[in-house]
Amino acid sequence: MRPRRDVPQDGVRRNEQIRAREVRVIGPEGEQIGILPCSDAIAMAHEAGYDLVEVAANAEPPVCRIMDFGKFKYEQQQKKKEAKRNQTVVQIKEIKVRPKTDDHDYETKLRHIRRFLTDGDRCKVTVFFRGREIVHKDRGESILTKIIADTADVGKVEQAPSAEGRTLQMLLIPLPKK
């Protein structure tokens, strides 16, 4: 699909790219100038040393503002950077446990789960059953309920324990920070 010719790559029409006959013009200080023919508005912007930038293309008539386009683009880039800097990426960490996991190994895995939750990450806990261990699903369920009880102060269950083939899974999420 080819891009349309009348819309520039950055998505903002300016000066001669504006196709409307008449436009509502806003001055460089934010004051309403009024509805003018497009050519007069462009001439007015060039006299002031600025560009005529289309702000609201869908309005009737389109709203254009007299402004420094380079400064406008720079400010948009800074806003995007700031928004990107403030967003947090939540990861899902996975801990795998077996029904025969011993106490010390359980405590180590529990420490990892607690660390993941305090760091703000989600934690998926999976119990794997090998061979004939699948007969003792109750052991896996008891491990998961013990994990839920031991992490109640830092996290809560988002997805309850569910069986899927030879695995039991649940998803823990961190508690909201106060």
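Helices here are DSSP runs of at least four residues, numbered from the N terminus. The model is predicted.

**Stop one: helix 2.** Select Phe69 and Phe72. Both sit in helix 2, 3 residues apart, about one turn of the helix. The structure holds 1 aromatic pair. Phe69 has a relative accessible area of 7%, so it is buried. Phe72 counts as partly exposed because its relative accessibility is 22%, and the cut-off for buried is under 20%.

**Stop two: the largest pocket.** Keep Phe72 selected; it is one of the residues lining the largest pocket. Strand 4 (63-67) and helix 2 (69-86) each give two or more residues to it. The volume is about 160 Å³. Colour the lining by class: 5 residues are nonpolar, 5 are charged and none is polar.

**Stop three: the largest nonpolar core.** Select Ile113, Cys123, Val125, Ile147 and Leu172. These have the most contacts inside a core of 18 residues. At least two core residues come from each of strand 5 (92-97), helix 3 (103-118), strand 6 (122-128), helix 4 (137-150) and strand 8 (167-174). Helix 3 supplies the largest share, 5 residues.

Zoom in on Leu172. Beyond four places in sequence, its contacts include Ile113, Leu117, Val125, Ile147 and Val157. Arg122, Lys156 and Glu158 are also among the residues it touches.

**Last stop: another core.** Select Ile18, Val25, Ala41 and Ile66. They are among the 11 residues of a core that lies apart from the largest one.

Conventions:
Residues numbered from 1 in each chain as written. Predicted model: local features only at pLDDT ≥ 70, side-chain atom pairs only at ≥ 80, totals over all residues. Heavy atoms only, no water. Core = buried A, V, L, I, M, F, W, Y, C linked by side-chain atoms within 4.5 Å. Buried < 20%, exposed > 50% of the residue type's maximum accessible area, 1.4 Å probe, protein only. Contact = heavy atoms within 4.5 Å. 1 Å grid on protein atoms, 1.4 Å probe; cavity = no way out; pocket = protein on both sides within 12 Å on 5 of 7 lines; lining within 4 Å. Points joined across faces, edges and corners; volume = space filled by probe spheres on them. Nonpolar A, V, L, I, M, F, W, Y, C, P; charged D, E, K, R; others polar. Phe/Tyr/Trp six-rings, centres within 6.5 Å; stacked < 30°, edge-to-face > 60°.
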